[in-house]
Amino acid sequence: MDWWVLVVAGVFGGILNSVAGGGSFITFPALMFVGIPPIMANATNTFAVSAGYISGAYGFRHDIAKQPEVVLPIVLLSLLGGALGAILLLNISDQLFAQAIPWLLLFATFLFVAGDKLSQHLAQYQGARILLALMLVLVSAYGGFFNACLGIVVLSYLVVAKYTDINQMNGLKLLVSSCVSLSAIVIFFWQGVIEWLPGLAVLVGSVIGGYIAARVSRQINPSYVRNFVTLSSVGMTLYFFVDVYA
């Protein structure tokens, strides 16, 4: 039964990640539901969603290469931030991380709901290169610490960094997410905190979901999907607040 739960969660997560983002709102709680401790569930979820990031980045490789001079700095800063976030995650207790989960989900939900408006306001401010580099490290550290809503956070950063080509932005978003996940996975593997078989179950489901989304996404009203992600994220956030603090 647990394996079916994980595969089905992976399918829905893969569909959401491909169409609107927010798939970790489904896959991360599913890993905890089958009994995996919070930190290991978070590490396993990072592994499970990494294949989608990497394949997506490959699909946007020509858009990513439009500004070849920015690719290497973005890769290096993303790898650094992802590793820092993973190290931070592994240096807190399961209890402390469990207490932080509702707040992290609340933050991710807020970004998903208000991300577009927030990006428009932030885009009005022009930061120096050093500030933008620091922001990218912090964004990547968030992803290494807690993968949920990483794509939305990265897109917000890219708007602030004055990117306007949506295909290039999606490509760079997936490149950053891939680097963050890979560096975090190395740290998690080294510390032995990934549950590989449950992670593979979610990964298989997410690949299936991504394929389904590619076939039917044009027939689905994007607002319906976005509303579903919003409702599910709010529901998960409320559930974890009650579970942790009630």
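At what angle do helix α5 (residues 68-90) and helix α9 (residues 166-191) pack, and how far apart are their axes? Keep that pair in mind while you get your bearings.

This is a predicted model, where local features need pLDDT of at least 70, side-chain atom pairs count only at pLDDT 80 or more, and totals for chains, interfaces and linings use all residues. Residues are numbered from 1 along each chain as its sequence is written, and side-chain values use heavy atoms, with hydrogens and water left out.

**Whole chain.** Switch to cartoon view: you'll find 11 helices and zero strands (DSSP runs numbered from the N terminus, H or I of at least four residues for helices, E of at least two for strands). Of the 246 residues, 49% are buried (under 20% relative accessible area with a 1.4 Å probe, protein chains only; exposed is over 50%, partly exposed in between).

**Select 68-90 and 166-191.** Here's the answer: α5 and α9 pack at about 40°, their axes 8 Å apart (axes are lines fitted to C-alpha atoms over the stretch in contact, and angles run from 0 to 180 degrees between N-to-C directions). That angle makes α5 oblique to α9, since under 35 degrees counts as roughly parallel, over 145 as roughly antiparallel, 65 to 115 as roughly perpendicular and the rest as oblique. Show side chains at the contact (heavy atoms within 4.5 Å): among them are Val-71, Ile-74 and Leu-79 of α5 and Leu-172, Cys-179 and Phe-188 of α9. By class, this contact has 17 nonpolar, four polar and no charged residues (Ala, Val, Leu, Ile, Met, Phe, Trp, Tyr, Cys and Pro are nonpolar, Asp, Glu, Lys and Arg charged, the others, Gly among them, polar).

**Select Ile-74, Phe-97, Phe-146, Tyr-163 and Phe-188.** These have the most contacts inside the largest nonpolar core, a set of 64 residues (buried Ala, Val, Leu, Ile, Met, Phe, Trp, Tyr and Cys joined through side-chain atoms within 4.5 Å). Helix α9 supplies the largest share of this core, 11 residues. Now zoom in on Phe-97: leaving out residues up to four places away in sequence, its partners include Phe-28, Pro-38, Leu-104 and Phe-146.

**Select 24-33.** Helix α2 is largely enclosed by the rest of the structure, because eight of its 10 residues are buried. Phe-25, Ile-26 and Phe-28 are among the buried ones. After α2 comes Gly-35, with a positive phi near 105°.

**Select Gln-168.** Not counting residues up to four places away in sequence, Gln-168 touches Asp-63, Lys-66, Gln-67 and Tyr-163.
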